[in-house]
Amino acid sequence: MNQTEPDFWVLEYVTITKDSRTGLVVAIGGTEQAADILQRTGGFLTSPGPRGDYHRLPHGLPIEQQRLQATTASHALLAAGHSVHLDPTLNMLATLDGDRDAALRYLTQLAERASAAETSSAVAEVLTEVAAPVHGLLPLTREVIVRAWITASDLHGAAPGEEPEPIARFGGTAHSLSEAASVILHARNHAARLTQLPATAPATGRAQSPVSRRC
């Protein structure tokens, strides 16, 4: 007996996400009904794009307002039968500590990998995670420090070089983190080179046993 797959009536998929280049919250895909829901429940605007119209939230909304409107629109779309993907960072109902817990687990795993390393290659891999120039832990931490320092200086109305001592010293830690990352990268490169060194060649000759002499 041949069984056929049932027919499902599913409206066109809608993706609500945050564009990394512009910082705008955009909704891509969907039908005219979806567009109506986005506009009525989420406050989205219709804008022309190179591949047709898309929907976006207005410029300049606070982050929490972006999350609220995106979450509201996504739930209204789901209730109307649309298939929706909502960027987790925009989901007001997501657990806020989820990212923090994941980061803590990641650091714990790195520490365990460092302790369990049995080769220089394994050590180099851990150090790469810590100090890789773009996505390493230290460079990313430095980026957080720099942005916080700039914001703190702006809030105090201080011109560059005229910040209060605590803020100036705080900004100086960014340089310290860069130096630390550089030191760790040198150690990582050294460990990687040790892995690539050829093994010591075995001795080619055999020890000669002394020749007994007859008297």
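This is a predicted model: local features need pLDDT of at least 70, side-chain atom pairs count only at pLDDT 80 or more; totals for chains, interfaces and linings use all residues.

User: What makes up the chain, read along the sequence?

Analyst: The chain holds 6 helices and 5 strands. Along the sequence they follow the pattern β-β-α-β-β-α-β-α-α-α-α. Of its 215 residues, 23% are buried.

User: Why is threonine 71 called buried?

Analyst: Buried means under 20% relative accessible area. Threonine 71 has 6% relative accessibility, and therefore counts as buried. This residue lies in helix H2.

User: Which residues is threonine 71 in contact with, leaving aside its neighbours within four places in sequence?

Analyst: With those neighbours left aside, threonine 71 is in contact with Leu86, Leu90, Asn91, Met92 and Leu93.

User: What makes the pair formed by threonine 71 and arginine 67 a polar contact?

Analyst: A polar contact requires N or O atoms within 3.5 Å, one able to donate a hydrogen and the other to accept it. A polar atom of the threonine 71 side chain lies 2.8 Å from the backbone oxygen of arginine 67. The distance of 2.8 Å is within that cut-off.

User: How do you know that the span of helix H5 agrees with its number of residues?

Analyst: Helix H5 covers residues 137-155, which is 19 residues. The expected span is 1.5 Å times one less than the number of residues, so H5 should span 27 Å. Its end C-alpha atoms are 27 Å apart, and the two values therefore agree.

User: Why are the buried residues of H5 said to line one face of the helix?

Analyst: The buried residues in H5 are Leu138, Pro139, Ile145, Val146 and Ser153. Viewed down the helix axis, they fall within an arc of 115°, and so they line one face. On the other side of H5, Val144, Arg147, Asp154 and Leu155 are exposed.

User: What makes a set of residues a nonpolar core, and which members of the largest one touch the most others?

Analyst: The members must be buried nonpolar residues joined through side-chain atoms within 4.5 Å. The largest such core has 15 residues, of which Ile16, Val25, Leu38, Phe44 and Leu77 touch the most other members. Strands S1, S2 and S5 and helices H1 and H2 each supply at least two residues of this core. Apart from it lies another core of 7 residues, among them Ala131, Ala174, Leu177 and Ala181.

Note on methods:
Residues are numbered from 1 along each chain as its sequence is written. Side-chain values use heavy atoms; hydrogens and water are left out. Helices (H or I, at least four residues) and strands (E, at least two) are DSSP runs, numbered from the N terminus. Buried means under 20% relative accessible area, exposed over 50%, partly exposed in between (1.4 Å probe, protein chains only). The arc is that of the directions from the helix axis to the C-beta atoms. Contact means heavy atoms within 4.5 Å.
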